[in-house]
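Hello,

Here is the structure I promised to pass along. Have a look at it first, and then read on for what turned up in it.

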Amino acid sequence: MKCTKCGQPAVINMRQHRLGLCADHFVEWVPQQVQRAIEKYDMFTPEDRVLIAVSGGKDSLSLWDILLRLGYSVEGIYINLGIPHDSYSDVSQQKVEAFAAAHDTPFRVVNVKREYGESIPEVARRKRGRSPCSTCGLVKRHILNEVTLREGFGVLATGHNLDDEAAVLFQNSLHWATGYLARQAPVLPASHAGLARKVKPLIRLYEREMAAYALVRGIDYIYEECPFSRGATTLFYKELLDQLEAESPGAKQQYYLEFLRARADGRLLPADAGKPVLNQCQKCGQPTTAPGTCSFCRLWDVEEAAHEDSNGDS
Ligand code: SF4
Ligand SMILES: [Zn+2]
Ligand SMILES: [Zn+2]
């Protein structure tokens, strides 16, 4: 296949766009897609300071690279979860450090065990019944929100791509989880004084395009998936959507982008759907749906854990 723009050999064929591109045109095209998403959904402007959550994987490191190339003011944050299998957390931190050093760009590390006394697998083991992934999600959300606000960033960006979002949409619509559907958006505004603005600039790009971008740009990322992701239902939904895409190129993109259109037009849900009543956590001050202390603070509350154990609660 040849590049649609210049006739050189193509490195990627994007059937949903009827577009094949050579390496040079592809690394030009990807940031254009990201810029389109940033503008269309009013994510941020060059005046905003953007904090990007980086995991060491292809999506977040590529997003960092793209935002730097587009000239945005962006800094990284890496959360070391303390996942010991094959030194997963340490290796991914090294990838982030190497990227930041090569691009001479600032980043900070929050080490969960050092900061709070236990790694994610350790907390999950103590809190029997709470999976490592739900513990991890809760801890990451809390830390990212806190650092974004405390350090005065205008916005927090994450590397979710179109495949990630389509899989979550599939899961949420299979369960008709209307609250989650209402909150699934490319931009989550700072709807409360204690909530940071969150954006997903990669939502127009397929996962395979992000892998190709990282490869062509020579971005060294961690290839292994987190060991806890094995068997995750979202991976199964991704496979199903890939089968659909193979039969009908563009199906994934249409499914997700049409959802966003319908959502934005108010054809799906009332405007105030999914807006929970928020209280202020008595311990950390972050917004929480629970009365009293938030679930993050309760995670580290050993007395409560002992109480749960004695009740046989999980
Ligand atoms: S797979 Fe689970 S534990 Fe691993 S990074 Fe993702 S949410 Fe965290
Ligand atoms: Zn070309
Ligand atoms: Zn709290």
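Let me start with the ligand. Helix H6, which covers residues 132-150, gives the most to the shell around ligand 1, contributing four residues. The residues around this ligand are Ile-120, Pro-132, Cys-133, Cys-136, Gly-137, Cys-226, Phe-228 and Ser-229. Sorted by class, the shell around ligand 1 has six nonpolar residues, two polar ones and no charged ones. Please keep in mind that this is a predicted model.

Now for the chain overall. It has 13 helices and 10 strands. Its radius of gyration is 20 Å, close to the 20 Å that the globule rule gives for 314 residues, so the chain is as compact as a globular protein of that length. Along the principal axes, the C-alpha atoms fill a box of roughly 70 × 45 × 40 Å. Of the 314 residues, 32% count as buried.

Strands of a sheet pair through backbone hydrogen bonds, in either a parallel or an antiparallel way. Here, six strands form an open sheet in the order S5-S4-S3-S6-S8-S7, and the pairing is mixed. Its edge strands are S5 and S7 (187-188), each of which pairs on one side only.

Strand S4 (residues 73-80) and strand S5 (residues 107-111) run parallel and are joined by five bridges. To get from S4 to S5, the chain passes through helix H3 (residues 88-103), and this β-α-β crossover is right-handed. Within the pair, Tyr-78 stands opposite Val-109 in S5. The other pair is strand S6 (residues 155-157) with strand S8 (residues 198-199), which are parallel too and share two bridges. There, Ala-157 faces Val-199 in S8.

Phe-170 sits in helix H7 (residues 162-174). Is Phe-170 buried or exposed? Phe-170 has 21 other C-beta atoms within 10 Å, and 20 or more is what counts as buried, so Phe-170 is buried. Apart from its neighbours within four places in sequence, Phe-170 is in contact with Tyr-237 and Leu-241. Leu-240 is 70 residues away from Phe-170 in sequence, yet the two are 9.8 Å apart in space, C-alpha to C-alpha.

Tyr-41 belongs to the loop between helix H1 (23-40) and strand S3 (49-54). With 18 other C-beta atoms within 10 Å, Tyr-41 is partly exposed. Once neighbours within four places in sequence are left aside, Tyr-41 is in contact with Pro-186 and Val-187. Val-147, by contrast, is 106 residues from Tyr-41 in sequence and 23 Å from it in space, C-alpha to C-alpha.

Ala-246 is part of helix H10 (residues 233-247). Ala-246 has 10 other C-beta atoms within 10 Å and is exposed, because the limit for exposed is 12 or fewer. Along the chain, Ala-246 and Arg-15 are 231 residues apart, while their C-alpha atoms are separated by 9.5 Å.

Happy to go through any of this with you.

Best wishes

How values were computed. Residues are numbered from 1 along each chain as its sequence is written. Chains are lettered from A and ligands numbered from 1 in the order in which they are written. This is a predicted model: local features need pLDDT of at least 70, side-chain atom pairs count only at pLDDT 80 or more; totals for chains, interfaces and linings use all residues. A residue is near a molecule or strand if its C-beta atom, placed from the backbone, lies within 6 Å of it. Ala, Val, Leu, Ile, Met, Phe, Trp, Tyr, Cys and Pro count as nonpolar, Asp, Glu, Lys and Arg as charged, and the others, Gly among them, as polar. Two strands pair if DSSP finds at least two bridges between them. A crossover is right-handed if, with the strands pointing away from the viewer, the path from the first strand over the helix to the second runs clockwise. Two residues are in contact if their C-beta atoms, placed from the backbone, lie within 7 Å. The radius of gyration is taken over C-alpha atoms; the globule rule is 2.2 Å times the number of residues to the power 0.38.
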